[in-house]
Amino acid sequence: MVATETPKVVSQTSETVRIWLYKTLFTNLCGVTFGDWWQALRENRFAIDLPRCPRAAILTVGSVLNSYYKKREEREFGEALAQVKVRPPLFILGHWRSGTTLLHNLLALDDRFAYPNLYQAFFPHTFLCTEDARTNLVRPLVPQTRSFDNVAQGLQMPNEDEFATCAASLRSPYMAWAFPRNQEHYERFLTFRDASTADVARWKDELVMFLKKLTLRHDRPMLLKSPPHTCRIKLLLELFPDARFLHISRNPYTVFQSTKHLNRVLTQSLRFQRQGTGDPDETVLRRYQLMYDAYFEERDLIPADRLHELAFEELENDPVGQIRGAYEHLGLADFDAVLPRLEEYVGSLANYRKNEYPNLPLALRRRIQTSWAKSFEEWGYPAD
């Protein structure tokens with residue numbers, strides 16, 4: 001069942017301090033080992049901008065601690081992890097800002113699933129031997145809502161496994177959030193189609209190890225949500241041939257605006273460099289197209305009874321009915337057992353207000369319509 005954390009009344013000053021500490025200490029690489037951090041620095045020619053040097057220094061110290069605890073974790077849990085079998089996961093697919101977080105939170109209400117929480121996703125090498133001791137220390141640093149959309153967050157709430165494989169393997173498009181001037185190099189890890197065999201193997205190994213650790217801790221099937229998985233179906237099936245997949249789509253114009261806002265707001269706190277000179281509109285357009293070219297090519301690899309597609313707009317209007325439909329299509333048993341918690345959670349969202357965006361310029365709408373034509377056609381969204 002999804003862990004919710006009771007909001008506390010805090011002063012504006014204390015919340016500002018909390019957010020500053022969170023942005024300084026929690027980057028997408030805060031769980032990296034010293035060796036991998038050194039590798040990332042070498043890949044980027046040690047190009048850390050001066051204002052970001054304190055953050056890099058803190059991460060360097062943290063990486064040494066991570067290396068120590070990683071070795072300790074291997075000693076204490078290595079033998080047990082070698083015996084762990086990962087059960088077929090349920091993967092939630094969809095582009096950033098399509099409603100994947102809402103879908104993740106709704107499905108996580110079913111306590112027959114387990115999921116990576118924020119701490120586990122950010123500290124994949126060490127959470128087995130550090131989470132229990134650090135939870136009460138770290139929890140006060142985590143803001144009650146996400147900076148880019150005001151969605152509730154907490155240390156024990158569901159989070160993306162992509163953060164784990166980013167820190168553990170360095171093979172992730174999220175590396176470009178830390179080093180935006182090397183975006184072209186890291187973008188290959190979105191689909192892995194242009195990545196080397198060694199890079200694919202490293203990513204696979206770290207994903208499987210992360211899921212083994214979660215399975216050792218929870219002994220349940222994993223519920224996983226990371227937008228990049230949308231364009232990795234073939235690779236995921238190679239690892240987990242019996243996995244299930246649930247895809248969510250959303251109006252492409254809204255996805256474009258919301259993703260551009262995400263890139264502008266979230267990545268500010270993750271960078272070790274100033275943003276490059278590329279066109280931010282083109283970045284969103286290109287990544288979406290890369291993602292869905294791969295998705296449309298590979299989704300037929302999934303057996304029909306193990307893939308279900310739904311629309312954000314329908315989930316928003318009838319969350320209980322849409323989740324019931326997903327359970328029925330994917331053969332997930334006993335929906336009625338989770339229904340009371342689902343209805344309670346849906347009721348708690350009644351006062352949530354989504355971000356609002358101005359109308360897109362006509363020329364930009366035409367670019368989106370042309371670049372993402374397949375999505376408009378596939379899911380019946382009006383292009384005009």
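On a 1 Å grid over the protein atoms alone, a pocket is an open set of points with protein on both sides within 12 Å along at least five of seven lines, and its lining residues have an atom within 4 Å of a point. The model shown in these views is predicted: local features need pLDDT of at least 70, side-chain atom pairs count only at pLDDT 80 or more, and totals for chains, interfaces and linings use all residues. Residues are numbered from 1 along each chain as its sequence is written, and side-chain values use heavy atoms, with hydrogens and water left out.

**View 1. The second largest pocket is lined by 23 residues.** Look for Gln183, Gln275, Gly278, Pro280 and Thr283, which lie nearest its centre. α8 (175-178), α9 (183-187), α12 and α13 each give two or more residues to this lining (helices are DSSP runs of H or I, at least four residues, numbered from the N terminus). With 6 residues, α13 gives the most.

**View 2. One cavity of 30 Å³ or more turns up in a search of the whole structure.** A cavity is a set of grid points where a 1.4 Å probe fits but cannot get out. Among the residues lining the largest cavity are His95, Trp96, Tyr174 and Arg287. Here α12 (252-265) and α13 (280-298) each supply at least two lining residues.

**View 3. Phe46 lies in the loop between α2 (34-43) and α3 (53-82).** Phe46 counts as partly exposed because its relative accessibility is 41% (buried is under 20% relative accessible area, exposed over 50%, partly exposed in between, with a 1.4 Å probe and protein chains only).

Technical notes:
Points joined across faces, edges and corners; volume = space filled by probe spheres on them.
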